[in-house]
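Subject: Structure handover

Hello,

Here is the structure I promised to pass on. Please open it first, then read my notes below.

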Amino acid sequence: MSEPKPPTPTPGDTYKGWLFKWTNYIKGYQRRWFVLSNGLLSYYRTQAEMGHTCRGTINLATANIAVEDSCNFVISNGGAQTYHLKASSEVERQRWITALELAKAKAVHMQAESDDSGDDCPAVPPTSGQGGGCRNLEIQSTLRTLGSKVEDLNTCNDLIVKHGSALQRSLSELEGIRVGGDMGEKMRQVTERATLFRITSNAMINACRDFLSLAQNHSKRWQKALQVERDQRIRLEETLEQLAKQHNHLERAFRGATVLPPSFSNPALANKDKKGDASDEDDDNEFFDAMEDPAEFITVPADPKYHRRSGSNVSGFSSEIGMEDQSVNFDELSLASNPESPQPLELEPVRQRRTRIPDKPNYYLNLWSIMKNCIGKELSKIPMPVNFNEPLSMLQRLSEDLEYYELLDKASKSQSSLEQMCYVAAFTVSSYSTTVHRTGKPFNPLLGETFELDRLKDCGYRSLCEQVSHHPPAAAHHASSEKGWTLRQEITLASKFRGKYLSIMPLGSIQCLFEKSNNHYSWKKVTTTVHNIIVGKLWIDQSGEIDVVNHKTGDRCHLKFAPYSYFSRDVPRKVTGVVTDKDGKAHYVLSGTWDEKMEFSRIMQSSKGENGTEGKQRTVYQTLKAKEIWRKNPLPEGAENMYFFSSLALTLNEAEEGVAPTDCRRRPDQRLMEDGRWDEANAEKQRLEEKQRIVRREREREAVKAASSPEEAVTEDSINDSPSKTDAVETGTEANEVLDETDTEDSHPYTPVASPYGPSLSPYLSTHPDNYQAMWFEKLDDPASGETLHVYKGGYWEAKEEGSWDVCPEIF
């Protein structure tokens, strides 16, 4: 049974269907889905690709359409693109030809109109008052004239139908009569009706001509008048926006002038306040549409009644739109009115930090020559020259998580734990924004290496990182702020090289504590994947799920980092999340991308929707307007020549006085690489690695002697005194360290099979780990999260103030 014939498409309509397209002599004709819309013919492999992957498009305005046979036809735009197409039948081919010809005529006409600038018609100036009334009368008169012409066309149409039917009847009767006396009468009737039909047709043609002439005369004038009105409205909106901003600044300046004493005014603080005002104002006034719906749930706009309620205090949502400004003002009032608060007469100026580093040299190195024998092994066991590095340490990269510390500052001021969870979740996502272009490998820290980031004067926080272990390599980080939050984390990296890509799995926990509310949050990082290791341009993707948990209230935010997929219709690097309370009720929806911005929306209602593509029932959330909560800072000018460092990253390795001898800034190979002296940096890197191996061996021997019995110690001494055994020990150790980059990356020395001390000492060594103790951190069990991690025990900043670094080892 044949399909019913679809209606012939009219100009501007979208026409879709399956056609066979010639690909090559091997595959021949392949079935493709074609879409004709707005004068463009596009094709896809399947209908599902319409949302994200177009295989080709041809503009019909400049294309030629030629019919080859009953089913085949060709579309070409002069040599650049040529589509040899075949329909399933001659009828289907004719439908496509008709649709293509109509679309081509429409496209040519639209192109001709766009080329016509319309300068021949004078622009209608903006008028008001009496002039505006005259123009309205003119428009109404023209509309009445056009309406009368349309009525004339309808009348002529009815007459044509009537006379056409009569003429058809007369012709039918004329065919049926015999030649005789009635012939003259019938011929007279036919002639009379044909004359009426001709007169009516001419009348309709004249009416159409008048209508077309009127429409052409007035359309351009109306178009220009509409454009003038649109420009006038835009200028008015911009003027109102400027007035609102000026009013806001004047109001804040008036409050500050009437509350704060003159002695407290300071240019540095004034600049900081202006920056804070601008950011708060942007947060209050800028709203953005929600991202594309995630797979687990669907968001739809809430009922308007919720928007009306949101302006009142009853809804509880007012804290999102005004509580930040109120809290800032309250802080200023309390600071000014508190007689015990310090009133410094002078504040030190904020240090101007560097904005550039030496450009990256263009050194060529064959990656495959290094990686081909390392497939399936830990990345930490692959010897990497500095050519693949960036002039920053892993400790400095860990400190880069604080680039968007303002999110934690805002979270500390939040009155609601659920709203605070939104800021903490946005902070977890923001830590990945610096990785989108950063394909360089950071330096692996030496054991005992530290890095301090003191931004107490300009940002209100300071942090300390230390490499606390090398089996496995682990770094501890502690940051505290004057705004009442503390961030601590311990990160251990596990990585695997799979030939085409490299997977980096961060292990360990991140915790954030707020003094005011005693809320305690914890979460873990997602997997980072580096693609095109061997061939092509390197690019990085983040994928996985994060559960941010508030251990005090039971609130939870489940974030999902969608992995990149060539066939997905979602935006790349998409992140979605839902904030729920301890009972599992959803309150906020987060959406965005980990390399650009995040938004959050308040949930008003939720319901179960239809089943998704995988058969799972998706939840439908009715939300308020989405509000931007975080946006990535733009990269500095020339970042592509500076390893794509952010403004904060450019300052991390800047030389600074008073830091510890173990600080990353004092590391010589890293400094040489930043200066562009890569050959010297590679030689210095090898020296540091060998120095750390020697120290580690001494520490292992001390651990063996301290933990063994006197008899075992004598046996150990006799073993070490034997030249052959000593050589065997050194040879075995060096053999295990051929692929070692730093001491943090050796294979475990206490594996019984690989023990250089022989079978008698292998079980002993496997049960006695390295006795290294961290300098500024101690290992504790966290009662809230139930995890064990290194926590800052104090003493570093006191030692810095005293300038006493005697306790620090000499590692460089």
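Cys-459 is buried, at a relative accessible area of 16%. Buried here means under 20% relative accessible area, exposed means over 50%, and partly exposed is in between (1.4 Å probe, protein chains only). Cys-422 is buried too, with a value of 0%.

A word on the basis. This is a predicted model, in which local features need pLDDT of at least 70 and side-chain atom pairs count only at pLDDT 80 or more, while totals for chains, interfaces and linings use all residues. Residues are numbered from 1 along each chain as its sequence is written, and side-chain values use heavy atoms, with hydrogens and water left out.

Back to the cysteines. How many disulfides does the structure hold? The count is 0, where a disulfide is a pair of cysteine sulfur atoms within 2.5 Å. Cys-422 is in no disulfide; its nearest cysteine sulfur belongs to Cys-557, 6.9 Å away.

Overall make-up

The protein has 812 residues, and 42% of them are buried. It contains 17 helices and 27 strands. Both are DSSP runs, numbered from the N terminus: helices are H or I with at least four residues, strands are E with at least two. Take the contacts between residues at least 6 apart in sequence: 60% of them join residues at least 24 apart. Contact means heavy atoms within 4.5 Å.

The cores

The largest nonpolar core has 65 residues. Such a core is a set of buried Ala, Val, Leu, Ile, Met, Phe, Trp, Tyr and Cys residues joined through side-chain atoms within 4.5 Å. Which residues have the most contacts inside the largest core? They are Trp-485, Leu-487, Trp-523, Val-548, Leu-559 and Phe-561. Helix H10 (residues 417–430) gives the largest share of this core, 9 residues. A second, separate core has 20 residues, including Leu-19, Leu-60, Ile-97 and Leu-100. In soluble globular proteins, nonpolar side chains tend to be buried together.

Phe-561 and Ile-546

Set aside neighbours within four places in sequence. Phe-561 is then in contact with Val-429, Tyr-432, Val-526, Gln-542, Ser-543, Gly-544, Ile-546, Lys-574, Val-575 and Trp-594. Ile-546 sits in strand S19 (residues 539–550). Ile-546 is buried, at 1% relative accessible area. Not counting residues up to four places away in sequence, Ile-546 touches Tyr-432, Trp-523, Lys-524, Val-526, Cys-557, His-558, Leu-559 and Phe-561.

Other places to look

Ser-601 belongs to strand S23 (residues 597–611). Ser-601 is buried, with a relative accessible area of 7%. Beyond residues up to four places away in sequence, Ser-601 touches His-587, Tyr-588, Val-589, Thr-623, Leu-624, Lys-625 and Ala-626.

Helix H9 (residues 406–413) is mostly covered, with 6 of its 8 residues buried. Those are Leu-407, Leu-408, Asp-409, Lys-410, Ala-411 and Ser-412.

Is Lys-162 buried or exposed? Lys-162 is exposed, at 58% relative accessible area. It is found in helix H2 (residues 130–176). Lys-162 and Phe-197 are 35 residues apart in sequence, and their C-alpha atoms are 8.8 Å apart in space.

Positive phi

Arg-573 is not a glycine, yet its phi is positive, at about 60 degrees. It lies in the loop between strand S20 (556–561) and strand S21 (574–580). Arg-573 is partly exposed, at 28% relative accessible area.

Tyr-643 also has a positive phi, near 65 degrees, in a residue other than glycine. Its loop runs between strand S25 (627–631) and helix H11 (649–652). Tyr-643 is buried, at 8% relative accessible area.

Cavities

There are 6 cavities of 30 Å³ or more. A cavity is a set of points, on a 1 Å grid over the protein atoms alone, where a 1.4 Å probe fits but cannot get out; lining residues have an atom within 4 Å of a point. Grid points are joined across faces, edges and corners, and a volume is the space filled by probe spheres set on the points.

The second largest cavity has a volume of about 90 Å³. Its lining has 14 residues, and Ser-433, Thr-434, Lys-632, Leu-635 and Ser-646 lie nearest its centre. By class, the lining has 5 nonpolar, 6 polar and 3 charged residues. Ala, Val, Leu, Ile, Met, Phe, Trp, Tyr, Cys and Pro count as nonpolar, Asp, Glu, Lys and Arg as charged, and the others, Gly among them, as polar.

Best wishes

Definitions and conventions. 1 Å grid on protein atoms, 1.4 Å probe; cavity = no way out; pocket = protein on both sides within 12 Å on 5 of 7 lines; lining within 4 Å.
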